[in-house]
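Have the structure open and follow along.

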Amino acid sequence: MPAERLCRLARDNGKLTVVDGAQTFAQTPVSFRALDCDFFVTSLHKWMGAPVGNGMLVVREGVIDRTWPLLAPFDPPPLRVDKFDHWNLGTYNSALQAGILPAARFHREMGAEAVHTRVRELTRYWVERAVGIPGFRLHTPLDTESLGAVSLFSIDGLDARAVEQELRESHRIHVKYREVRHLSGMRVSPHIYMRESELDRFVEALAEVVDKQSV
């Protein structure tokens, strides 16, 4: 999505912007400053590889003072960004938080550009092998710089939910059914640790399911 343009349009009209970066952060190069949004939120387990349950909130300095957390801390809250730290509300998972730094270091060693290049190659790899499946329809453009790991496809004439279910139950392959307004299909999102041979297995299983359900 044209996030930078939308944020600029909102700012010109006096509106606050919140960008959900869960599927972009650590997968594709993204800059909070370049987006020029007021709030940027993301999970850290999806693409950076931190333990599930970790997230990140970035707040524009100019809106910190007038923004408050949903759960107020017991102690008198400071006026700066520390007021979003709920460490004093009870027990927290220190082991969970300890996993953030190693994940961040590992991601930095690889580099965001290298990660983006890898997942983009994996997406193009499986799509090139799946285009020959009867009825295969890709809903994600391949020829854009923003292409990453996440792509959506459907099979003409088949129920995407039924295809998803059989891939999972019969082949132990997990794709995710998604439906937004008039568009529906299955989301495929290979991570950097996936091998081409695993994607070959997915395409072979998909062809088998399509052939079976078409009959």
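In this predicted model, T140 touches L147, V150, S151 and L152, leaving aside residues up to four places away in sequence. As for its place in the fold, T140 sits in the loop that links β4 (136-138) to β5 (151-155).

Is T140 buried or exposed? The relative accessible area of T140 is 19%, and buried means under 20%, so T140 counts as buried.

Now let us step out to the sheet. The sheet is open and has four strands, ordered β4-β5-β7-β6, with antiparallel pairing. Because β4 and β6 each have a single partner strand, they stand at the edges, and one side of each lacks a neighbour in the sheet. From one strand to the next, the twist averages 40°.

Here are the strands with their residue ranges:

| Strand | Residues |
|---|---|
| β4 | 136-138 |
| β5 | 151-155 |
| β6 | 176-180 |
| β7 | 183-188 |

Within the sheet, β5 and β7 pair in the antiparallel sense, over three bridges.

Finally, which helix lies across β4, β5 and β7? That is α5, made of residues 112-130, and α5 runs at about 150° to β4.

Key:
Residues are numbered from 1 along each chain as its sequence is written. This is a predicted model: local features need pLDDT of at least 70, side-chain atom pairs count only at pLDDT 80 or more; totals for chains, interfaces and linings use all residues. Side-chain values use heavy atoms; hydrogens and water are left out. Helices (H or I, at least four residues) and strands (E, at least two) are DSSP runs, numbered from the N terminus. Buried means under 20% relative accessible area, exposed over 50%, partly exposed in between (1.4 Å probe, protein chains only). Contact means heavy atoms within 4.5 Å. Two strands pair if DSSP finds at least two bridges between them. Axes are lines fitted to C-alpha atoms, for helices over the stretch in contact, and angles run from 0 to 180 degrees between N-to-C directions.
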